[in-house]
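These are my notebook entries on one protein model. I set down what I looked up, entry by entry.

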Amino acid sequence: MLDLLLPQRCVVCGLGGTQLCPLCLARLPRIAPPLCERCGTPTAWPVRRCRECAGRRLAFSCARAAVHYDDAVRAMVAAWKERALRRLAAAAVSIVVEIVPPPRAEAVTFVPPDPDRGLRRGHHPPRELAEQLARHWQLPLVAPLRRRVGKRQRGLSRPERRRNVAGAFTAKMGVPGSIALVDDVLTSGATANAAASALRKAGARRVEIVTFARVDR
């Protein structure tokens with residue numbers, strides 16, 4: 001009934017019919033090797049550590065993403081997050097499954113929202129992504145992470161992002177020894193690293209980051 005009253009349009013090209021048309025879905029820029037083995041940054045040749053992560057103390061074992069964050073992906077993520085077009089989660093999952101190898105993990109979790117922002121939106125895309133990926137990978141979904149209210153990351157420099165999320169997360173003790181941490185977009189990696197650090201302190205020995213998109217730097 002809603003589709004009849006409010007016809008769906010592709011959030012990228014505006015074509016009527018679906019929230020993301022098959023052509024735009026096919027054109028989303030998949031990330032392909034070679035990659036940095038640790039942080040997943042596309043590289044000219046395979047490396048264990050690239051210039052983006054060399055010299056940094058990283059709490060996660062590896063990070064992988066499915067697509068580059070271009071204008072089309074930005075439009076899709078914005079519609080998913082801000083307009084609550086939840087059918088886009090299935091499209092995101094289909095690409096992650098296509099591109100990202102299954103993690104070496106005992107369970108799946110997600111980066112939790114800022115409490116205020118989560119209440120305003122009424123939904124949380126990273127959780128939606130994690131729920132569907134957990135079902136596909138046949139792994140349990142757990143939610144040990146908590147996040148304090150803090151300043152938004154948007155508009156901050158990379159050093160400011162790291163400082164802003166330092167200590168922002170806590171986790172219940174007794175998390176699985178290996179766990180996949182899911183988020184929608186990897187920007188500087190500061191948020192994912194801070195969340196992974198909390199999981200490590202709570203008992204995880206290996207944390208793999210899985211995101212739908214990543215910002216190229």
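Does A84 count as buried, partly exposed or exposed? I looked up the relative accessibility of A84 and found 32%, so A84 counts as partly exposed; buried means under 20% relative accessible area, exposed over 50%, and partly exposed in between, with a 1.4 Å probe and protein chains only.

**Entry: basis of the values**

I note that this is a predicted model, in which local features need pLDDT of at least 70 and side-chain atom pairs count only at pLDDT 80 or more, while totals for chains, interfaces and linings use all residues. Residues are numbered from 1 along each chain as its sequence is written, and side-chain values use heavy atoms, with hydrogens and water left out.

**Entry: overall make-up**

I recorded 8 helices and 6 strands for the protein. I take these elements as DSSP runs numbered from the N terminus, with helices being H or I of at least four residues and strands being E of at least two. Along the sequence I read the pattern α-α-β-α-α-β-α-α-β-α-β-β-α-β. Of the 217 residues in the protein, 50% are buried. I then turned to contacts, where contact means heavy atoms within 4.5 Å. Among contacts in the protein with a separation of 6 or more, 73% are between residues 24 or more positions apart.

**Entry: backbone values**

I kept in mind that most residues other than glycine have a negative phi, and most peptide bonds are trans. A84 is not a glycine, yet I found a positive phi of about 55° for it. A84 lies in the loop between helix 3 and helix 4. Q138, also a residue other than glycine, has a positive phi near 55°. I located Q138 in the loop between helix 6 (125-137) and strand 3 (145-147). With a relative accessible area of 73%, Q138 is exposed. I found a cis peptide bond between P33 and P34, with omega about 5°. P34 belongs to the loop between helix 2 (22-27) and strand 1 (62-68).

**Entry: helix 3 against helix 4**

I described each packed pair by the angle between the axes and the distance between them. Axes are lines fitted to C-alpha atoms, for helices over the stretch in contact, and angles run from 0 to 180 degrees between N-to-C directions. Helix 3 (residues 71-82) packs on helix 4 (residues 88-99) at about 135°, and their axes are 10 Å apart. Helix 3 is therefore oblique to helix 4; angles under 35 degrees count as roughly parallel, over 145 as roughly antiparallel, 65 to 115 as roughly perpendicular and the rest as oblique. M76, A79 and W80 of helix 3 meet L88, A89, A91 and A92 of helix 4.

**Entry: helix 4 against helix 6**

For helix 4 and helix 6 I noted an angle of about 50° and axes 10 Å apart. Helix 4 is thus oblique to helix 6, and passes helix 6 in a right-handed crossing. The contact is formed by A89, A90, A92, V93, V96 and V97 of helix 4 with E128, L129, Q132, L133 and H136 of helix 6. By class, the contact of helix 4 with helix 6 holds 8 nonpolar, 2 polar and 1 charged residues.

**Entry: burial of helix 4**

In helix 4, I found L88, A89, A91, A92, V93, I95 and V96 buried. Their cover includes helix 2, strand 1, helix 3, helix 6 and strand 6.

**Entry: helix 8**

I found 9 of the 12 residues of helix 8 buried, so helix 8 is largely enclosed by the rest of the structure. Among the buried residues of helix 8 are T191, N193 and L199. Helix 8 is followed by G203, with a positive phi near 125°.

**Entry: R206**

I placed R206 in strand 6 (residues 206-214). At 21% relative accessibility, R206 counts as partly exposed. R206 and C62 are 144 residues apart along the chain, with their C-alpha atoms separated by 8.9 Å. Not counting residues up to four places away in sequence, R206 touches S61, C62, R104, G177, S178 and I179.

Notes: A crossing is left-handed if the near helix is turned anticlockwise from the far one by less than a right angle, and right-handed if clockwise. Ala, Val, Leu, Ile, Met, Phe, Trp, Tyr, Cys and Pro count as nonpolar, Asp, Glu, Lys and Arg as charged, and the others, Gly among them, as polar.
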